[in-house]
Amino acid sequence: MNNTFLHRLLAADNGSGALALRIPVGIIFAAHGAQKLFGWFGGYGLEGTGQFFGSLGLNPGFLMALLAGAAEFFGGLALVLGVAVRPAAAALAFAMLVAIFAVHIGNGFFVDKGGYEYALTLFAASLSLLFSGGGRFSVDRALTGER
């Protein structure tokens, strides 16, 4: 792989603000992914989530649940650890766009009515990390040799 490409992929701003965003957002995504994949934390697992996704027209439901759950679980872990933050943030931002337009948009803005405000917040946080990278305290920054 081209070192220039890898460097750009893992590049991170020098600030420490990304850490304050990465940790809680990563935990939230990993927990939601665990609900979809494993049924943890009161989730429905792949079968139940797949049936729900299929009812929304996201077919095949099981595959879509697997993709969404994997993006959220592994992407969330990547954010927490600061590894491959930009690719993880891109996958998470895409997952949130799908959630907004496939699930929440018809319910209005506010989350108490099933609206898109929460998914929009997670989309914005993911987009911010996509632009900034993992920050000073990330594995990505250590791998690129930046100081």
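I started at Lys 113. Lys 113 counts as exposed, because its relative accessibility is 59% and the cut-off for exposed is over 50%. I note here that the model is a predicted one. Next I looked up Asp 112. Asp 112 also counts as exposed, at 60% relative accessibility. I found that Asp 112 and Lys 113 form a salt bridge, with the closest N and O atoms 3.6 Å apart.

**The salt bridge count**

How many salt bridges does the count come to? I get two salt bridges. Besides the bridge of Asp 112 with Lys 113, I have Lys 36 with Glu 72, whose side chains meet at 2.9 Å, N to O. This pair links distant parts of the chain: I find Lys 36 in helix α2 and Glu 72 in helix α4, 36 residues apart.

**Lys 36**

Is Lys 36 buried or exposed? Lys 36 is buried, because its relative accessible area is 15% and buried means under 20%. Helix α2, where Lys 36 has its place, runs over residues 17-38. The side chains of Lys 36 and Glu 72 also make a polar contact, at 2.9 Å. I then set aside the neighbours within four places in sequence and listed what Lys 36 touches. The contacts are Gly 45, Leu 46, Thr 49, Phe 53, Ala 68, Gly 69 and Glu 72.

**Helices α4 and α5**

Helix α4 covers residues 61-81 and helix α5 covers residues 85-104. Their axes come within 9 Å and cross at roughly 140 degrees. I noted the crossing as left-handed. On the α4 side I wrote down Ala 71, Glu 72, Gly 75, Gly 76, Ala 78 and Leu 79. They meet Val 85, Ala 88, Leu 92 and Met 96 in α5. I sorted the residues of this contact into seven nonpolar, two polar and one charged.

**Loops and backbone angles**

I looked at Ala 84 in the loop between α4 and α5. Ala 84 is not a glycine, yet phi is positive, at about 50 degrees. Ala 84 is partly exposed, with a relative accessible area of 27%.

Phe 41 gave me another positive phi, near 55 degrees, again in a residue other than glycine. I place Phe 41 in the loop between α2 and α3. At 61% relative accessibility, Phe 41 counts as exposed.

Which peptide bond is cis? I found the bond from Asn 59 to Pro 60 to be cis, with omega near -5 degrees. Pro 60 has its place in the loop between α3 (45-55) and α4.

**Phe 137**

I moved on to Phe 137, in the loop between α6 (117-132) and α7. Phe 137 counts as partly exposed, at 48% relative accessibility. Leaving aside neighbours within four places in sequence, I see Phe 137 in contact with Ser 16, Leu 19 and Arg 22. I also checked Phe 137 against Phe 53. These two are 84 residues apart in sequence and 36 Å apart in space, C-alpha to C-alpha.

**Thr 144**

My last entry is Thr 144, in helix α7 (residues 139-144). What does the side chain of Thr 144 reach? I traced it to the backbone oxygen of Arg 141, at 3.0 Å. Thr 144 is buried, with a relative accessible area of 17%.

Notes. Residues numbered from 1 in each chain as written. Predicted model: local features only at pLDDT ≥ 70, side-chain atom pairs only at ≥ 80, totals over all residues. Heavy atoms only, no water. Helix = DSSP H or I, 4+ residues; strand = E, 2+ residues; numbered from the N terminus. Buried < 20%, exposed > 50% of the residue type's maximum accessible area, 1.4 Å probe, protein only. Polar contact = N/O pair within 3.5 Å; in protein donor to acceptor, adjacent residues only side chain to side chain. Contact = heavy atoms within 4.5 Å. Axes fitted to C-alpha atoms, helices over the stretch in contact; angles between N-to-C directions. Left-handed = near helix turned anticlockwise from the far one by under 90°. Nonpolar A, V, L, I, M, F, W, Y, C, P; charged D, E, K, R; others polar. Salt bridge = Lys/Arg side-chain N within 4 Å of Asp/Glu carboxyl O.
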